[in-house]
Amino acid sequence: MKKFADRLIKWGIKEGRTTLPWKDKINGSYDPYKIWVSEMMLQQTRLSAVLPKFNQFIRIFPNVEKLANSTLEDVIQVWAGLGYYRRARNLHEGAKIIVNERGKIFPKNAADWKKIPGIGMSTSAAISSFVNGERVALLDANVCRVLCRRYCLENTNSRVKEKEQLMHLATNLLPKKKSEMAQYSQYIMDLGAIVCKASKPACYKCPVSEDCKSFNSEAVNLYPKKLKLTRREKQITWILTIDRDLILLERQNKEELWKSLLVPATELKMKGNSPLPRKKFLGSYQIKVSNCDLTVNVWKRDCIFDTLKLTTHHRIVNKIMISKVPVPRLLEKVLKDFDFCSNSS
Ligand code: SF4
């Protein structure tokens, strides 16, 4: 039987995702900037959602210098729609480090990539194996699933010992040749995404089924063990302060949730300390944000902005511009539901 890596690469050349826009080679090498941006976008987001956003991002920020010299607000604006905005902040911060502190030189190995904000063990391994051909194993959710099924492991990759065990097994499967590392890393992720899927894995077309322990013992669905997440519940209040076609927003800097985005302004005061106009309850929205079930109670207050004590933190946004500024997707929905941005383009 051929080695795992050989079978995987042979399969990947025919069936893998070989036409990704960040996989264009220049002088035989991948562009580290494009690989880095794509890996950051692919953390927690599906490929189908990443593809159009990646192309737009690269059009606007074609290289690391352009990204470093842009404002965070511009970057967040382009990122809008992908969610998990911390990744956009990390990319911007990372670009500034690479340009200003590292002389525009990208890291040369996985250990060095890990020093860039937002890059952990798996992302650093993916980038370095693609860009530098480094023999280092990546362990994203897809790869962990393949390994757990291959070796009949209940492993949830959540404890140090479990991570070490998976890393040891993953390293043993790597190809010996550095020149095969980029293909291998891409195709093992593809195998998990296309064939060894979380539900209904297509074992009948799997290139490595011959020596897959769970397949051979008809126990594929037992692995890996499902991790039970404890979910938190949280309630927040949004008061939409509105003056005809205008809404009053402020940048979220206090909490991690929606950090750097524009959210409804809080803690407003009237000039002359008069009481604020009465607010009216609009409704409640339930959304899931990572491990939290969030309830957002939405109120509306009509108010003439000239009567308010506004500060430099406040942003007055016209309803026709709401889709052009970085706001949480939920806020866009609320505004649409209540016809606030019905004329927006
Ligand atoms: S045989 Fe099935 S369970 Fe095993 S690696 Fe292939 S797809 Fe996954």
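A residue is called buried here if 20 or more other C-beta atoms lie within 10 Å of its own, and the views below all show a predicted model.

**View 1. Helix 8 and the elements that cover it.**
Helix 8, which spans residues 121–131, is mostly covered, with 10 of its 11 residues counted as buried. The buried residues of helix 8 are Ser122, Thr123, Ser124, Ala125, Ala126, Ile127, Ser128, Ser129, Phe130 and Val131. Among the elements that cover these buried residues are strand 2 (29–30) and helix 2 (32–42), together with helix 7 (110–113) and helix 11 (181–195). After helix 8 comes Gly133, which has a positive phi, near 65 degrees.

**View 2. The shell around the ligand.**
The ligand is surrounded by 14 residues, of which Cys196, Cys203, Cys206, Ser209 and Cys212 are the closest. Two elements, helix 9 (141–151) and helix 12 (213–216), each give two or more residues to this shell, and the largest share, three residues, comes from helix 9.

**View 3. The contact between domain 1 and domain 2.**
The domain assignment places residues 4–222 in domain 1 and residues 232–337 in domain 2, and the C-alpha centres of these two domains lie 36 Å apart. Eight residues from domain 1 and four residues from domain 2 take part in the contact. On the side of domain 1 that touches domain 2, the elements that give two or more residues are helix 5 (72–79) and helix 6 (86–101), and helix 5 gives the most, with four residues. By class, this side of domain 1 has four nonpolar residues, one polar residue and three charged residues.

**View 4. The whole protein, as a setting for the close-ups.**
The secondary structure of the protein, to which the helix and strand numbers in the other views refer, comprises 13 helices and eight strands. Taken along the principal axes, the box filled by the C-alpha atoms of the protein is roughly 80 × 45 × 35 Å. Of the 345 residues of the protein, 33% count as buried, and in helix 8 the buried residues number 10 of 11. Among contacts between residues at least 6 apart in sequence, 64% join residues that are at least 24 apart.

Technical notes. Residues numbered from 1 in each chain as written. Predicted model: local features only at pLDDT ≥ 70, side-chain atom pairs only at ≥ 80, totals over all residues. Near = placed C-beta within 6 Å. Domains from an automatic or database assignment. Contact = placed C-beta atoms within 7 Å. Nonpolar A, V, L, I, M, F, W, Y, C, P; charged D, E, K, R; others polar. Buried ≥ 20, exposed ≤ 12 C-beta atoms within 10 Å, placed from the backbone.
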